[in-house]
Every structure is written in structure tokens, then in C-alpha cells.
Amino acid sequence: MGCFESKGHKIFDFKKKSFKNEQNGNIPPSLTEKERVILVTSWQRLKTDVEKVGVVTFMKLFDSHPEVQDAFLPFQQLSKKDMEQSAILRSHALRVMGTVDKCISRLDTPDKFKELMTNLGQRHLNYNVNEEFIEMVGQQFLYAIQPHLEDIWSEEVQVAWSQLFKYMTYYMRQGLRGSTTIQY
């Protein structure tokens with residue numbers, strides 16, 4: 001799964017780039033206006049098949065990182081076929097895609113975006129979520145959306161979605177860490 005291929009050209013190499021936030025915990029750089037437009041426009045296209053995108057995201061995540069599947073109690077020891085058929089997986093995938101939708105709709109209201117993701121992180125404290133697992137979702141999401149956006153896929157699209165997931169991850173981590181003071 002090292003990189004995306006499109007018409008024989010390498011577009012994104014996960015071995016060279018990472019969703020991981022800087023070691024010092026700094027907030028990721030701000031999204032540009034162009035990135036915001038790319039996100040809104042491409043999300044409108046993705047919303048037509050959001051359930052499939054969500055399920056593919058998690059199937060790829062579980063396939064590439066089986067330890068993440070084992071962290072979900074209802075999914076432990078399920079076969080790939082059973083996972084693909086799982087109503088619980090579809091439901092969770094749709095909730096995650098709903099969060100992406102909410103983040104897109106809050107791009108112009110950063111305080112609401114931060115509150116949404118921090119609260120989500122705090123709720124995940126109840127599930128003893130490993131912080132590293134959260135970062136993995138963004139990588140798999142990119143893999144899942146690329147075929148749906150193949151005709152417009154570019155490094156700019158990849159960077160815009162990567163940046164969005166860096167923000168989502170950053171604030172969710174703040175919530176997981178129980179931070180009551182959040183950097184803005």
C-alpha cells in the first residue's frame with residue numbers, strides 16, 4: 001500500500017510523508033482558501049457514495065493494521081467477508097463519514113471544528129483508543145477516496161485532504177489527552 005498510482009504515475013508515497021503531527025505537538029499549518037475549495041468541491045462528489053468510502057476506509061485499515069480491528073470488540077476475529085457484511089461496521093463508517101461532513105461544514109468556523117474534534121477525542125477516552133490508530137484512519141481515507149476522484153486527483157487534492165486529517169487528528173488527540181486548554 002505504499003503509494004497511489006494513477007495512470008502509471010506515483011502520486012503519494014506514504015513511506016515519505018506522514019499524517020503524524022510534529023513531535024513538539026504544534027498545530028498543523030492553516031488550510032489555504034484553495035485547499036478549502038478543493039475539500040468542499042471534492043466532498044460534494046464523495047457524498048454520493050459515502051457509505052462505500054467509509055467501509056473501504058475501515059476495511060483497508062483493518063487489512064493493513066489487524067491490531068486496529070482487534071481493538072474493536074465487535075470486530076474481533078471476524079473474517080473479511082463478515083466484516084464487509086457487518087451492519088455495525090457500516091454504522092461506524094457512516095458515523096466517521098458524518099464527522100468528516102461536519103468538519104467540512106465547519107471549515108469557516110474553526111472554533112466549532114476544534115470543539116467537535118476535541119469532544120470526539122474525549123468520548124473516545126471511554127474506549128481506550130490508541131492515539132496512533134486515529135492517525136491511520138486518514139491514510140486509509142485517502143486510499144478510499146482516490147478512485148472516486150480519479151479524474152480530478154492531483155497532489156493538491158491529496159495535500160488538502162491530508163491537511164484536513166492532520167487537523168482532525170490534532171484536535172482529537174487533544175481530547176484523548178484530556179486537554180482542557182486547546183491551542184488555537
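A nonpolar core is a set of buried Ala, Val, Leu, Ile, Met, Phe, Trp, Tyr and Cys residues, joined through side-chain atoms within 4.5 Å. This is a predicted model. Its largest nonpolar core has 48 residues. Trp43, Val100, Met117, Phe141, Ile145, Trp161 and Leu164 touch the most other members. Two or more core residues come from each of helix 1 (33–46), helix 2, helix 5, helix 6 (110–124), helix 7 (131–145) and helix 8 (155–176). Helix 8 gives the largest share, 11 residues.

Now zoom in on Met117. Beyond its neighbours within four places in sequence, Met117 is in contact with Thr99, Cys103, Met168, Tyr171 and Met172.

Next, the helix pairs. Helix 2 spans residues 50–64, and helix 5 spans residues 87–105.

| Pair | Axes | Angle |
|---|---|---|
| Helix 2 and helix 5 | within 8 Å | roughly 110° |
| Helix 2 and helix 7 | 8 Å apart | about 125° |

Helix 2 and helix 5 cross at roughly 110°. Angles of 65 to 115 degrees count as roughly perpendicular, so helix 2 is roughly perpendicular to helix 5. Val53, Phe58 and Phe62 of helix 2 are among the residues that make this contact, as are Leu89, Ala93 and Met97 of helix 5. By class, the contact has 11 nonpolar, three polar and two charged residues.

Helix 2 and helix 7 pack at about 125°. They are therefore oblique to each other. Their crossing is right-handed. The residues in contact include Val53, Val56 and Leu61 of helix 2, and Met136, Phe141 and Ile145 of helix 7. By class, there are nine nonpolar, three polar and one charged residues.

Technical notes. Residues are numbered from 1 along each chain as its sequence is written. This is a predicted model: local features need pLDDT of at least 70, side-chain atom pairs count only at pLDDT 80 or more; totals for chains, interfaces and linings use all residues. Side-chain values use heavy atoms; hydrogens and water are left out. Axes are lines fitted to C-alpha atoms, for helices over the stretch in contact, and angles run from 0 to 180 degrees between N-to-C directions. Helices (H or I, at least four residues) and strands (E, at least two) are DSSP runs, numbered from the N terminus. Angles under 35 degrees count as roughly parallel, over 145 as roughly antiparallel, 65 to 115 as roughly perpendicular and the rest as oblique. Contact means heavy atoms within 4.5 Å. Ala, Val, Leu, Ile, Met, Phe, Trp, Tyr, Cys and Pro count as nonpolar, Asp, Glu, Lys and Arg as charged, and the others, Gly among them, as polar. Buried means under 20% relative accessible area, exposed over 50%, partly exposed in between (1.4 Å probe, protein chains only). A crossing is left-handed if the near helix is turned anticlockwise from the far one by less than a right angle, and right-handed if clockwise.
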